Amino acid sequence: MPSPATRAPLPPLRLVELGGTGPEDVVFDGSGRLLTGVADGRVLRIVLPGPGGPDRPGGVEEVGRTGGRPLGLEVLPDGRLLVCDAERGLLRLDPGGRAEAEVLADSVAGMPLRFCSNAVAAPDGTVYFTVSSRRHGLDDWLSDIVEHQPTGLLARLVPGGEAEVLLDGLQFANGVALAPDESFVTVAETGARRLTRLWLTGPDAGRHDTLADGLPGFPDNMSRSPGGGFWVALAGARTPPLEWLHRAPPRVRRAVAAAARRLPPPPALGGARVVEVDTYGRVVRELRGRGYRMVTGVAEHAGRLALGSLQEGAVAWCDLCEPTPLAAGEPSI
């Protein structure tokens with residue numbers, strides 16, 4: 001059985017400046033190097049220092065450009081990268097070569113594939129990916145959250161096939177991850193603060209349900225944790241005024257979204273927040289820190305936790321330590 005829920009502050013975060021903004025997702029490759037994409041279309045590889053080594057990383061290297069806006073990344077077994085590009089669709093990139101990014105899918109169900117958000121690949125080559133919104137693009141993501149209209153979707157691309165919709169009507173579909181045994185795929189619905197599960201095998205294959213609900217913040221990208229569950233980035237904390245607005249009539253939400261578009265961009269949200277969720281949907285760990293805002297990506301490798309952000313100009317990382325178990329009846333952070 002999973003361990004009881006635990007809490008801990010994030011260890012002190014170290015930043016690696018990238019010379020670009022918005023490292024929205026972070027992933028580790030097979031050699032433990034960190035990969036991310038930034039707003040100007042570059043995909044970057046970062047060498048972090050070894051355990052007990054210097055504080056300065058080994059360097060930041062450009063390994064490709066998408067020609068658009070890279071968001072979610074997934075390392076394939078052959079070392080190539082899946083890249084969800086908010087402007088160009090689902091791409092594949094060879095970080096060791098000079099070739100341009102290959103477009104795997106630029107439409108789904110007859111619709112142009114815009115705001116492609118995150119992807120995960122199964123061992124057989126099947127790719128599951130999300131589209132956050134069919135109404136708004138990345139530059140207007142806040143309108144989708146405020147309007148609270150379920151226009152996100154989960155899609156699948158099989159080798160040699162065309163992209164098909166698996167789940168429609170999602171509230172800002174975002175991070176996606178496969179269960180360790182590949183029995184289900186789970187997708188983060190940012191606007192609903194929940195993780196939705198689609199069963200892939202067994203008697204419930206094809207059925208979807210809720211894996212985790214009422215999360216303590218807005219879930220963004222996800223990754224598998226070494227403990228057998230999932231790390232989930234929380235882009236912001238719960239906001240009572242927004243929760244109230246989500247219960248208001250649609251015309252009120254549309255009016256507020258229209259007004260918000262005429263205002264200056266909002267400041268970066270909150271501090272660093274991530275949760276680890278087990279395959280039963282239980283939050284087993286909550287980590288929270290300062291010095292880094294609007295965490296949209298999280299990945300763990302060899303005891304290291306890396307964070308990405310839609311609004312920061314750096315990736316953050318730390319060496320994990322054992323958290324302190326929650327006392328009986330103690331609320332989570």
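Me: How much space lies in the largest pocket?

Reply: About 640 Å³. This is a predicted model, where local features need pLDDT of at least 70, side-chain atom pairs count only at pLDDT 80 or more, and totals for chains, interfaces and linings use all residues. Residues are numbered from 1 along each chain as its sequence is written, and side-chain values use heavy atoms, leaving out hydrogens and water.

Me: And what's a pocket here?

Reply: On a 1 Å grid over the protein atoms alone, a pocket is an open set of points where a 1.4 Å probe fits, with protein on both sides within 12 Å along at least five of seven lines; lining residues have an atom within 4 Å of a point. The volume is the space filled by probe spheres set on the points, which are joined across faces, edges and corners.

Me: Which residues lie nearest its centre?

Reply: F28, E74, V75, V120 and R224, out of 30 lining residues.

Me: Switching to T36: buried or exposed?

Reply: Buried (under 20% relative accessible area with a 1.4 Å probe, protein chains only); the value for T36 is 0%. The T36 side chain reaches the backbone oxygen of D25 at 2.6 Å.

Technical notes: Buried means under 20% relative accessible area, exposed over 50%, partly exposed in between (1.4 Å probe, protein chains only). A polar contact is a pair of N or O atoms within 3.5 Å; within protein, one must be able to donate a hydrogen and the other to accept it, and residues adjacent in sequence count only if both atoms are side-chain atoms.
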